[in-house]
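Subject: Structure handover

Hello,

Here is the structure for you to take over. Notes on what was found in it follow below.

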Amino acid sequence: MKKYSNVFVFDHPLIKHKIAILRDKNTGMKEFRELVEEITTMMTYESMRDVELVPVEVQTPLETTTQYKVPEESIAIVPILRAGLGMVNGVHKVFPTARVGHIGMYRDEETMQPQEYYCKLPDGIENKTVFLVDPMLATGGSICDALAALKKRGCRKIKVMSIIAAPEGVKTVAEAYPEIPVYISTLDRGLNEHCYILPGLGDAGDRLFGTK
């Protein structure tokens, strides 16, 4: 696959270990959900290397010192419903005060195209760094539509995070939005005729929430 300057594939042994368990069809709902959160937390650390910091004065037991913090109310999480919900707590472990918006998408089973049915975002989201999260980046259609919705509402700083991605989806998103960084944990082989990622891990939403 062509390399894109805005696409970052993590190559961490611990993430690889957790993804191996995540893929296993015998991994139960509780463990699957915990693994998604753990992987997301690790991805959040890595994806925030360029986060904006502001100086603050801190009084230690010995003296006053200038330190640096992430500004309050500067982070928002926007999961693509419903599987994206499984990644929210993983980001919250790093930024517990981050506001959460929601974008609802479903895939038309005939056209395989995403359809938006819901969008509710925090006030002032245009001034926040937005994590757009979805465990699976398959065709890229849902993420591109979600990015368009965020851009329409004035968002300027957006980071996409997906755990498993197909080359087809990475190409679609990277070329449509070259200014937006895309972080993925692993790049899979491709899509099947039903647009499911191979080898993938099945339907992430069903495995997170125990549905079929």
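Contact, or touching, in these notes means heavy atoms within 4.5 Å. With that in mind, M161 touches T40, M43, T44, S47, M87, V91, F131, L132, V133, D134 and Y183, leaving out residues up to four places away in sequence.

Before the rest, the ground rules. This is a predicted model, in which local features need pLDDT of at least 70 and side-chain atom pairs count only at pLDDT 80 or more, while totals for chains, interfaces and linings use all residues. Residues are numbered from 1 along each chain as its sequence is written, and side-chain values use heavy atoms, with hydrogens and water left out.

Overall picture

The protein has 6 helices and 13 strands. Both are DSSP runs numbered from the N terminus: helices are H or I with at least four residues, strands are E with at least two. The C-alpha trace spans about 65 × 40 × 35 Å along its principal axes. A compact globule of 212 residues would have a radius of gyration near 17 Å, and the protein's 18 Å agrees with that. The radius is taken over C-alpha atoms, and the globule rule is 2.2 Å times the number of residues to the power 0.38.

Of the 212 residues, 48% count as buried. Buried means under 20% relative accessible area, exposed means over 50%, and partly exposed is in between (1.4 Å probe, protein chains only). The accessible surface comes to about 11200 Å², and 52% of it belongs to carbon and sulfur atoms. These areas come from the Shrake-Rupley method with a 1.4 Å probe; for residues, only the protein chains shown count as cover. Among contacts between residues at least 6 apart in sequence, 65% join residues at least 24 apart.

Two strands count as paired if DSSP finds at least two bridges between them. β4 runs parallel to β8 (residues 129–133), with 5 bridges joining the two; there, A76 has V130 as its bridge partner. β4 also runs parallel to β5 (residues 99–100), through 2 bridges, and I77 is partnered with V100.

Together with β4 and β5, helix α3 (residues 85–92) makes a right-handed β-α-β unit. Right-handed here means that, with the strands pointing away from the viewer, the path from the first strand over the helix to the second runs clockwise.

G84 sits in the loop between β4 and α3 and is buried, at 0% relative accessibility. Beyond its neighbours within four places in sequence, G84 is in contact with P79, V133, D134 and P135. From the C-alpha atom of G84 to that of V36, 48 residues away along the chain, the separation is 9.9 Å.

E37 belongs to helix α2 and is buried at 14% relative accessible area. Residues up to four places away aside, E37 touches G86, N89, G90 and K93.

The nonpolar cores

A nonpolar core is a set of buried Ala, Val, Leu, Ile, Met, Phe, Trp, Tyr and Cys residues joined through side-chain atoms within 4.5 Å. The largest has 32 residues, of which L22, M161 and I163 touch the most other members. At least two residues of this core come from each of α1 (13–23), α2 (29–47), β4, α3, β8, β10 (157–165) and α6 (204–209). The largest share, 6 residues, is supplied by α2. A second, separate core has 29 residues, including Y4, V7, I80 and M105.

The start of the chain

M1 lies in the segment before β1 (7–9) and is exposed, at 52% relative accessibility. Apart from residues up to four places away in sequence, M1 touches P167, V170 and L187. M1 and I80, 79 residues apart in sequence, are 26 Å apart in space, C-alpha to C-alpha.

Regards
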